[in-house]
Amino acid sequence: MAKVRYGARSEEQLRNREVEATSVDVWATTLVATYLTDPDVIAAVLPPPIEPGGEPQVKVTIATVDISGYPTFGAGSFSVRARHEGTDGYYALLMPMTTEQSVIGGRETFGEPKKLGQVTLERDGDRVTGRISRMGADIVTVTGHVAGELEPPAEENRTDFYFKFLPSPDGKGFDTDPALVYCHRREQTRKLEGVDGEVILRESRFDPVADLPVRRPGPILLGERSSVQRGEIHGTVPGEWLRPFVHQRYDDLSPVGEE
């Protein structure tokens, strides 16, 4: 019998491509913008037991990722500063990706709130523009002029908080209590430039990033970065704590939707 590729695989043949891909240094061109928003808005978007961090900070990341032998893909995130049990980090409200593979792997392995979207980062001379678009709307644009080269920081470590869960088939809660995942990232930067620019948020009922307005602009940085990540389940949380926030990662396109 010829090899049946849908057939069962041996233990030696089983591989988790997401863990492999995120366990090695992959370089990306990354535009990162931060800004301060209203503290009560940050508190409103964080499910317990995640709490607001030190500052009401929003971080926008727009990147193009190059993996040898594969087409370049776009990756973005829209996160808020957060804290859990004394650990500072970020909680992502949205992680748009341009490929199905990066969406599924990240959601099912780490619980990342990934969705398919359009993510572009373009540079024309000193002009740089990063854009996140979904469902027909340019929801986030970061644009400006490169102001000069900066000293790259030393190796950095940061933590992101995710919830990993599966909705129950009866539409009432979850299969089991959601897991709180700590995702530890070790980042290296080999080139860094400052950008004089702005963050523009636009209305979308699917991705309401405009509800977190820019109150005080922060730095915008264009860099060449690599990241290695490691995830761990820190614990579980009662489903009723997370259920009011589950809508953050789904688009309501059903016939019984709001519109």
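Author: Begin with the largest cavity: strand 5 gives the most to its lining, with 3 residues. Keep in mind that this is a predicted model.

Reader: How many cavities of 30 Å³ or more does the count give?

Author: The count comes to 1 cavity of that size. About 110 Å³ of space lies in the largest cavity. It is lined by 13 residues, and Y91, P113, F245, Q248 and R249 are the closest to its centre. Strand 5 and strand 10 (156–164) are the elements that give two or more residues to this lining.

Reader: How does the lining of the largest cavity divide into nonpolar, polar and charged residues?

Author: It has 10 nonpolar residues, 2 polar and 1 charged.

Reader: What about pockets? Which residues lie nearest the centre of the second largest pocket?

Author: R205, F206, P208, H247 and Q248 do, out of 20 lining residues. The volume of the second largest pocket is about 520 Å³. Helix 2 and strand 5 (87–97) each supply at least two residues of its lining. By class, that lining has 11 nonpolar, 2 polar and 7 charged residues.

Reader: Let us turn to charges. What is the general idea?

Author: Side chains of opposite charge can pair when their charged atoms come close. In this model the count comes to 15 salt bridges. Take R215 and D38: their side chains meet in a salt bridge, 2.9 Å from N to O.

Reader: Where in the chain do R215 and D38 lie?

Author: R215 lies in the loop between strand 11 (179–201) and strand 12 (216–236). D38 lies in the loop between strand 1 (26–36) and helix 2 (39–45).

Reader: Is R215 buried or exposed?

Author: R215 is exposed, with a relative accessible area of 54%. The cut-off for exposed is over 50%.

Reader: Which residue does K115 meet in a salt bridge?

Author: K115 meets D207, at 3.2 Å from N to O. K115 lies in strand 6 (residues 114–116), and D207 in the loop between strand 11 and strand 12. They are 92 residues apart in sequence, so this pair also ties together separate parts. Both K115 and D207 are buried.

Reader: Can you show me a salt bridge that belongs to a network?

Author: Look at R158 and D160, whose side chains meet at 2.7 Å, N to O. R158 counts as partly exposed, at 25% relative accessibility. D160 is buried, with a relative accessible area of 6%. Through shared partners, salt bridges join E112, K114, R158, D160, R185 and E187 into one network.

Reader: Now a single residue. Where is V209 found?

Author: V209 is in the loop between strand 11 and strand 12. At 5% relative accessibility, V209 counts as buried, because buried means under 20%.

Reader: What is V209 in contact with, leaving aside its neighbours within four places in sequence?

Author: V209 is in contact with F78, L94, I139, V140, L201 and R202. Now compare sequence with space. V209 and G197 are 12 residues apart in sequence, and 19 Å apart in space, C-alpha to C-alpha.

Reader: How do I read a strand? Take strand 3. How many of its residues are buried?

Author: In strand 3 (residues 57–65), 9 of the 9 residues are buried, so it is largely enclosed by the rest of the structure. Check each side. Q57, K59, T61, A63 and V65 are buried on one side, and V58, V60, I62 and T64 on the other.

Reader: Which way do strand 1 and strand 3 run, parallel or antiparallel?

Author: They run antiparallel, joined by 9 bridges. L31 stands opposite I62 in strand 3. Strand 3 and strand 4 (residues 73–84) also run antiparallel, with 8 bridges. There, T61 has S77 in strand 4 as its bridge partner.

Reader: And a helix? What is the general idea?

Author: An α-helix has 3.6 residues a turn, so residues three or four places apart point the same way. Now look at helix 3 (residues 100–110). Its buried residues are S102, V103, G105, G106 and F110.

Reader: Which residue follows helix 3?

Author: G111 follows helix 3, and its phi is positive, near 80°.

Definitions and conventions:
Residues are numbered from 1 along each chain as its sequence is written. This is a predicted model: local features need pLDDT of at least 70, side-chain atom pairs count only at pLDDT 80 or more; totals for chains, interfaces and linings use all residues. Side-chain values use heavy atoms; hydrogens and water are left out. A salt bridge is a side-chain nitrogen of Lys or Arg within 4 Å of a carboxyl oxygen of Asp or Glu. Helices (H or I, at least four residues) and strands (E, at least two) are DSSP runs, numbered from the N terminus. Buried means under 20% relative accessible area, exposed over 50%, partly exposed in between (1.4 Å probe, protein chains only). On a 1 Å grid over the protein atoms alone, a cavity is a set of points where a 1.4 Å probe fits but cannot get out, and a pocket is an open set with protein on both sides within 12 Å along at least five of seven lines; lining residues have an atom within 4 Å of a point. Grid points are joined across faces, edges and corners, and a volume is the space filled by probe spheres set on the points. Ala, Val, Leu, Ile, Met, Phe, Trp, Tyr, Cys and Pro count as nonpolar, Asp, Glu, Lys and Arg as charged, and the others, Gly among them, as polar. Contact means heavy atoms within 4.5 Å. Two strands pair if DSSP finds at least two bridges between them.
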